[in-house]
Amino acid sequence: MSKVNTVLGPIAPEELGIVAVHEHIGYGMPGSELDTRWWKSPEQRYEETVPKLRKFHEYGGGTFVDVTGICNGRDIDYYKSLSAKTGVHIIACTGFVGGDTALPFFERASVDYLTRQFVHEITVGIGDTGSRAGVIKVGVSRGGRMTELDKRIYRAAARAALETGVPILTHLAIDAENAITIFTEEGLPLHRVLFGHADDGVNAEKTRDTWIAEQGGRVGFDTFGYETELEDPPFWARPRAERLAHFLRFLDAGHLDQALAGVDANCSPLGWPGVKGHTVNYLFEDLIPDLREAGLDEATITKLFVENPADFLTIAQP
């Protein structure tokens, strides 16, 4: 039977509903939980997060894919509590946002060691929580080119994906040539990889989104809502109309089947203030209305937020 791993156990792909595909319950750099300026009690984190997830559920949201990764604030017992409290399916990940967020213990690890780590978290569970990861996160470190550590992580992720059937989701879609070379060498079909953040304001011009799709990869336009129109926009912001036009061009080029969209929400940021005015509910409050206004019909919207994510997240049969 087809299934998807969530923190409360496996479910059928048909149960996912509308999916926010590249999000964070709470993301921070390693060590941020020790910074007294930004430290938050569990009660404060709940106060920030629960209303957002409840609103997401009220709007019709079914699943929140948390791609925070090892060393960046991943907290599976917390996710389980949130899922039970709000009714939102939460999918957790194994892997790393980027090699530059891996603590020294993992930084020195071999490809084989990293592979075993990922496979264990997918097939046995994350820590002692009993919850299994549903995706593998990898990323390009700061600087725009994959480091040697990044390459080891990508290779380990490919091997773990082949062994377990779960997909890979990337932080940034830059340096895709190196990534695709590694995945191809390992024999991983590229439709099992979602190359994320193709639309962010820093790297959009460097991202070969149509080329990635032509190679067989999926492409994530998943920083919607980080707009230059915000009161205090982040450095990766982009004008709202420009980002939307970019996404529509990608769809018009015939790549609907390979497109996924999200908003890279950070429900309760760790170690930094976050971005005021941006939540996962941008998906319902702004993005989907913008797509409708641009002329997308309901079948296309369902394809983007229900069917494509379900196909991607379903554990592939060996």
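Tutor: G139 has H171 as its bridge partner in β8, and V138 stands opposite T170 in that strand. These positions belong to the pairing of strand β7 (residues 135-139) with strand β8 (residues 168-171), which is parallel and extends over 4 bridges; two strands are said to pair if DSSP finds at least two bridges between them. The names themselves come from DSSP runs numbered from the N terminus, with helices being H or I runs of at least four residues and strands being E runs of at least two. The model is a predicted one, in which local features need pLDDT of at least 70 and side-chain atom pairs count only at pLDDT 80 or more, while totals for chains, interfaces and linings use all residues. Residues are numbered from 1 along each chain as its sequence is written, and side-chain values use heavy atoms, with hydrogens and water left out.

On its other pairing, β7 is joined to β6 by 3 bridges, and these two strands also run parallel; here T94 stands opposite I136 of β7. Both pairings are part of an open sheet of 6 strands, ordered β6-β7-β8-β9-β10-β11 and paired in parallel. The edges of this sheet are β6 (93-95) and β11 (259-261), each of which pairs on one side only. Neighbouring strands in the sheet are turned against each other by 30° on average, with direction ignored; for such angles, axes are lines fitted to C-alpha atoms, for helices over the stretch in contact, and the angles run from 0 to 180 degrees between N-to-C directions.

How enclosed is β7 by the rest of the structure? It is largely enclosed, because 5 of its 5 residues are buried, where buried means under 20% relative accessible area, exposed means over 50% and partly exposed lies in between, using a 1.4 Å probe and protein chains only. In a regular strand the side chains alternate between the two faces of the sheet.

Helix α4 (residues 111-123) lies across β6 and β7, running at about 170° to β6. Helix α6 (residues 176-186) packs on the sheet as well, touching β8 and β9 (193-195), and its direction makes about 175° with that of β9.

Between β8 and α6 there is a loop, and D175 is found in it. Most residues other than glycine have a negative phi. The phi of D175, however, is near 55°, a positive value in a residue other than glycine. With a relative accessibility of 6%, D175 counts as buried.

Terms used:
Contact = heavy atoms within 4.5 Å.
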